Amino acid sequence: MNFALLTYLADCQPKVRFELEKFSLDIEEDIKQLRELGLGIVVDGQNYCLVPSLPLLNPQQISTALFPYSIHYQPIISSTNEWILQNIPSLKKGDLCVAEYQTAGRGRRGRQWLSPFAGQIMFSFYWAFDPKRSIEGLSLVIGLAIAEVLKVQVKWPNDILFDGRKLGGILVEIANHKNGMLNLVIGVGINMSLPKQTEISQPYAEVCEIDPDIDRQTLLAKLIQHLYIRLNTFEQNGINAEFQQAWKSYNAFSNSEVNVLTEQGVISGIEQGIDERGYLKVLCGNKIQMFNGGEVSLRKKL
């Protein structure tokens, strides 16, 4: 992919061919490759224009809505999580990186996270905890906050579901930054409106199915504000009884027959929610078994 060419087109304003020649030795081939990635590029004679799935975000308005946090807006980026990781020394808790398109987005367990141009909400932010505070269950906190705003469901440990299909994902990474704190990068990706040819290997959902008229920019600010409220509450109270009950009310698999995929094999049972560590509880026969999110995957039993 020609990163420089895509970056030049990223303002979604028409560009004349001779302008693009500064960034490409073979414009037709580069445009073809970008289209194969699902990017909508319209060619009209000598004019080329990248068409966003939704209106571009306005970084000034986002900054105003989320003051006093700093917003780094990058239309094209390799990875918002990676940007935060590289810039932590100059960031304060709650500062964000927001993008329209990622060339190397990552999901859980290193899976690729596909992103059409301006068709998702994609952001990462820096957060820090007292190192004596346990962060077990943190991804559940992020998932619940998103589900509460969108009125959708969560699947343990960190999937956002609508109508049984994946609406979004979460990636939490620990950063190696020596400041006496436990430093984290938290990335969120939510499908808003995807091109029909988007190649995703599992059933997926879009926010436009829930509300065709929802404004991406307004939703972005609302999500982040509620996330920070939930994170501050978690920092004070952990996964307490109130949180466990709130999570249960949004749990897509509550009291359902499930399969837990472990390295040792598949364990079947009835899902019973989470404990104070955020571990999954599954009733297997007459015994409750506990599972850590880093060890296993969860599927509804068919």
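A: Tyr228 counts as buried, because its relative accessibility is 4%; buried means under 20% relative accessible area, exposed over 50%, and partly exposed in between (1.4 Å probe, protein chains only). The model is predicted, so local features need pLDDT of at least 70 and side-chain atom pairs count only at pLDDT 80 or more, while totals for chains, interfaces and linings use all residues. Residues are numbered from 1 along each chain as its sequence is written, and side-chain values use heavy atoms, with hydrogens and water left out.

Across the whole structure, a search finds eight aromatic pairs. Rings of Phe, Tyr and Trp (its six-membered ring) pair if their centres lie within 6.5 Å; planes under 30 degrees apart count as stacked, over 60 as edge-to-face and the rest as tilted. One of the pairs joins Tyr69 to Tyr228 edge-to-face, with 4.9 Å centre to centre and 80 degrees between the planes. These two residues are 159 apart in the chain: Tyr69 lies in the loop between α4 (59-65) and β4 (71-77), and Tyr228 in helix α8 (residues 216-237). Helices (H or I, at least four residues) and strands (E, at least two) are DSSP runs, numbered from the N terminus.

Tyr69 counts as partly exposed, because its relative accessibility is 27%. Both tyrosines belong to one aromatic cluster, which Tyr69 and Tyr228 form with Phe123, Phe125 and Trp127.
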